[in-house]
Amino acid sequence: MTVLSLSMERASVDADRPLVDGMAAGDPVALRLLCERHGPHVLAYLVGQLGDRALAEDVAQEVMLAAWRGAARFRGESRVRTWLLAIAHHRAVSARTRFGRATVASDPA
């Protein structure tokens, strides 16, 4: 199997996989495109988890930086968005620990 056919096979499973592969190769355009595509979803998730938009924006940047640094280790066992949201979850837990914030409850009662 050639590199091109492997890349095309991965792309058919997840259209974002070539962006992660590009990030792993050091392509900043791939990171920008991934941020444009998934940044709003990651930010919305983090706002819901943290209840503070400014903190969520900071953590979202940490998520994308972690994705950039970890792109070469992405195994493709999940969709790219799932991978990003998993990173976001772990970063949100860390942020709540660092800043002493409780999880935002969906039902205040």
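## The end of helix α5

Just after α5, Gly-100 adopts a positive phi of about 65 degrees. The model shown here is predicted.

Helix α5 itself covers residues 80-99, 20 residues in total. From first C-alpha to last, α5 reaches 28 Å. That is close to the 28 Å expected at 1.5 Å a residue.

## The overall fold

The chain holds 5 helices and 0 strands. Read from the N terminus, its elements run α-α-α-α-α. The chain has 109 residues, and 31% of them count as buried.

Among contacts between residues at least 6 apart, 59% join residues at least 24 apart. The accessible surface comes to about 6,800 Å². Carbon and sulfur atoms account for 57% of that surface.

## The buried side of α5

Which residues of α5 are buried? They are Val-80, Trp-83, Leu-84, Ile-87, Ala-88, Ala-92, Ala-95 and Arg-96. An α-helix has 3.6 residues a turn, so residues three or four places apart point the same way.

What covers these buried residues includes three other helices: α2 (17-24), α3 (28-50) and α4 (53-70). Leu-84 gives an example of such contacts. Setting aside neighbours within four places in sequence, Leu-84 is in contact with Leu-34, His-38, Val-42, Val-63, Met-64 and Ala-67.

## The nonpolar core

The largest nonpolar core has 26 residues. Within this core, Val-42, Leu-46, Leu-50, Trp-83 and Leu-84 touch the most other members. The elements that give two or more residues to this core are α2, α3, α4 and α5. Helix α4 provides the largest share, 8 residues.

In soluble globular proteins, nonpolar side chains tend to be buried together.

Val-20 is found in helix α2. Is Val-20 buried or exposed? Val-20 counts as buried because its relative accessible area is 1%, and buried means under 20%.

Residues up to four places away in sequence aside, Val-20 touches Ala-71, Phe-74, Val-80 and Trp-83. Val-20 and Val-80 are 60 residues apart along the chain. Their C-alpha atoms are separated by 7.8 Å.

A search of the whole structure finds 1 aromatic pair. Phe-74 and Trp-83 form this pair, and it is tilted. The rings lie 4.7 Å apart, centre to centre, with 50 degrees between the planes. Phe-74 counts as buried, at 8% relative accessibility. Trp-83 is buried too, with a relative accessible area of 15%.

## Asp-16 in its loop

Asp-16 sits in the loop between α1 (3-13) and α2. At 8% relative accessibility, Asp-16 counts as buried.

Which side chain makes a polar contact of 2.6 Å with that of Asp-16? The partner is His-38. Neighbours within four places in sequence aside, Asp-16 is in contact with Leu-34, Arg-37, His-38 and Val-80. Val-80 is also touched by Val-20, and Val-80 is one of the buried residues of α5.

Key:
Residues are numbered from 1 along each chain as its sequence is written. This is a predicted model: local features need pLDDT of at least 70, side-chain atom pairs count only at pLDDT 80 or more; totals for chains, interfaces and linings use all residues. Side-chain values use heavy atoms; hydrogens and water are left out. Helices (H or I, at least four residues) and strands (E, at least two) are DSSP runs, numbered from the N terminus. The expected span of a helix is 1.5 Å times one less than its number of residues. Buried means under 20% relative accessible area, exposed over 50%, partly exposed in between (1.4 Å probe, protein chains only). Contact means heavy atoms within 4.5 Å. Rings of Phe, Tyr and Trp (its six-membered ring) pair if their centres lie within 6.5 Å; planes under 30 degrees apart count as stacked, over 60 as edge-to-face and the rest as tilted. Accessible areas come from the Shrake-Rupley method with a 1.4 Å probe; for residues, only the protein chains shown count as cover. A polar contact is a pair of N or O atoms within 3.5 Å; within protein, one must be able to donate a hydrogen and the other to accept it, and residues adjacent in sequence count only if both atoms are side-chain atoms. A nonpolar core is a set of buried Ala, Val, Leu, Ile, Met, Phe, Trp, Tyr and Cys residues joined through side-chain atoms within 4.5 Å.
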